[in-house]
Amino acid sequence: MSSYRRSKPPGGFKAYVDFVEFEERPIDVPEEIEYGKAEPQLLPGEIVIAEANNVLKFAPLKTNKTGISGTLFITNFKVSFVTSLPVDSKNLRMINFSFKFTPAGEDLRVAQALLHHAFPPSIDHLFLSCGYPPPPPGIPDFCMAQDWERELQRTRCPNWRVSKHNEFFNLCSSLPTVVVVPRDLLDAQLEQAAQHFQGTRPPVWCWGSLAGAALVRMAQISPSITDKMSVTKSMGTLKRRKLEEVSQQQENRMMGLVHRCHPKKLQPTILDLDQILPSLKDIQISYIKLRELHTPDDPSQFWEQDRHYYSRWESSRWLSHVSKCLDVAQSAATAILHHNSSVILQESEGRDLSAIISSLVQLLLDPQARTMRGFHCLIQKEWVSLGHPFSARLGHTRNDVEEQCPLWLLFLDCVYQVSVQHPSSLEFTSEYLVALWHAAHCSLHSSFMFNSVNARHTASAVLQRENPHQPIYLRPVWSWWAESYNPPGKKQNGPSEDNLKRSSSREAFLNVHYIQNLMESLSASGAFRRISDPLSSAYHTWHRIESLLGGAGSLPFDSTATVVPLQLDASLRVDVTWSSLKPWQDCFCAWVSEPATLTLNELESTLKRSSPTSQHWKHLYQMYNTLKNHLSEGLTNGVIA
């Protein structure tokens, strides 16, 4: 990062702000007030670390070198560029600033503050939004026995039990305090078996079908047994072999228990993800190529990359990794659905690729996972609770570069491909998936900041010691929806800017085609007659529609209500061939500057054609009001035709 004084040629620095939120806010400044006294909007606990006055911000990829003048602030949370001039509202990923007219020393202080707070030495140095009171009840965190028991009851998968043996993380530091294990496995046996698996992570149940087939995540045999051989020269060959045999016996025993948990004692399908899926290194290399493709440095590089855009996308092999993940997930789903076979997903520590495959299997087989609330629960269970190392994989702190790998983005891209091939089957949109990717880089909510539940508890304890006078709560990303939920089209309390933004974001995040599909299913012959029967799917479908459009109830955040799977597509299949997969332009092209987005392979017209219009939402509400009036008249007359 470099800066230039007035005596040097004009220039600036380029910052890829992946780990801090960039805020660009225009302000109205009276002429008599000095510009440098402008202040950014701050959150509670957020403080300004450094600032630079008379900074020039340049629009990337424009030959015009005229910049917007303003003040650049570095806080312990974000970069904030405050200006009195009109600015674009786009939240850019690549930002160009010049310090040509900045007072001496301010540019250096800004650079040092940015480097320190964008790449903190530990997670404790991140700005974490916390406070009191706690967030409203909603998505279960799957850290309590009742959450897993409720999931077992919902899926009706027999012969499994909830173990509290990891209550103090003494069994495994990366698993939650409670896990679901085979019913016949005693806690003492569970602890003994865990020592033979990588990360001391024994096999754990994730999901099950009504027929009894289970989805299990399982680590590989611990390599420490063989690694110690090369270090401990005194250990004899016979003893080494004995240890290997014991470890193999424990693995076979665990697989045998999964076998016996099946009601029909069918053999499980074992998928070794380390062998059949790309390595984390390969995925990271593909990601870097995509990032370089979407962050050109100058107009000439942009036009060069634009001419070969799709060929370079293909050469990155990113879609190849997406295709492979979808293919493996579909194979696992087929084994469960058509062969009633339990599936064991086995990989290193069972925290990375198994999270992708397990989540995709449930998305394909479980209609509830395709709802907004169900998808939230899925992510909380498979990714947050079961210990995906978000901090290490996304580089939230200064860790070894070799540990970084955007598996979270790979999963979201796989979900996007499902949504493209089944446009009315998911309750949420591509825009919502993009928001989840952005949320993983923003510490405002804690869901995607830590490597495990244990790490989150440790950070909470540190914050509590620093604030002993009141309880401190880290806020999950799901609290954002619960705290600001206003259904699209619902009248707000005044036309405030915040209410308008919330309504707009709901329309962007809720899939209009999905909701329309629900209403059309009620219009089918005979379905509407059963709408007053609490045991019918029509009843639950109508109340689901009301919660999304009419504001009735608190779904998708009512954690006590029993959510009955909607009678839509029971299972989904995806075409995993390259020709059927589409580059996720909504996400990756957000890296490209505004001028480039308008020209890059005519993406603007493509996005406009794919996005639901306000007219579509208007038509949806007309359908909703018609059905609502028809239902009201039918109930008044005592007959629903």
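Q: Which strand order does the open sheet of four strands have, and with what pairing?
A: Strands of a sheet pair through backbone hydrogen bonds, either parallel or antiparallel. Here the order is β10-β11-β13-β12, and the pairing is mixed. Two strands count as paired if DSSP finds at least two bridges between them. Strands (E, at least two residues) and helices (H or I, at least four) are DSSP runs, numbered from the N terminus. This is a predicted model: local features need pLDDT of at least 70, side-chain atom pairs count only at pLDDT 80 or more, and totals for chains, interfaces and linings use all residues. Residues are numbered from 1 along each chain as its sequence is written, and side-chain values use heavy atoms, without hydrogens and water.

Q: Which strands stand at the edges?
A: β10 (204-208) and β12 (269-272) do. Each has a single partner strand, so one side of each is left without a neighbour in the sheet. From one strand to the next, the twist averages 20 degrees.

Q: In which sense do β11 and β13 pair?
A: Strand β11 (residues 214-218) and strand β13 (residues 343-346) pair in the parallel sense, over four bridges. Leucine 215 stands opposite valine 343 in β13.

Q: How do I read the packing of α14 and α15?
A: Two packed helices are described by the angle between their axes and the distance between the axes. Axes are lines fitted to C-alpha atoms, for helices over the stretch in contact, and angles run from 0 to 180 degrees between N-to-C directions. α14 (residues 407-421) and α15 (residues 430-439) pack at about 175 degrees, with axes 10 Å apart. The two are therefore roughly antiparallel (over 145 degrees).

Q: Which residues of α14 and α15 meet?
A: Contact means heavy atoms within 4.5 Å. Trp408, Leu409, Leu412, Val415 and Tyr416 in α14 meet Ser430, Leu433, Leu436 and Trp437 in α15. By class, this contact has eight nonpolar residues (Ala, Val, Leu, Ile, Met, Phe, Trp, Tyr, Cys and Pro). One is polar (the others, Gly among them) and none is charged (Asp, Glu, Lys and Arg).

Q: How many residues of α14 are buried?
A: Buried means under 20% relative accessible area (1.4 Å probe, protein chains only). In α14, 13 of the 15 residues are buried, so this helix is largely enclosed by the rest of the structure.

Q: Where is phenylalanine 99?
A: Phenylalanine 99 is in the loop between β6 (94-98) and α1 (106-118). At 1% relative accessibility, phenylalanine 99 counts as buried. Phenylalanine 99 and leucine 56 are 43 residues apart in sequence, and 6.6 Å apart in space, C-alpha to C-alpha.

Notes:
Angles under 35 degrees count as roughly parallel, over 145 as roughly antiparallel, 65 to 115 as roughly perpendicular and the rest as oblique. Buried means under 20% relative accessible area, exposed over 50%, partly exposed in between (1.4 Å probe, protein chains only).
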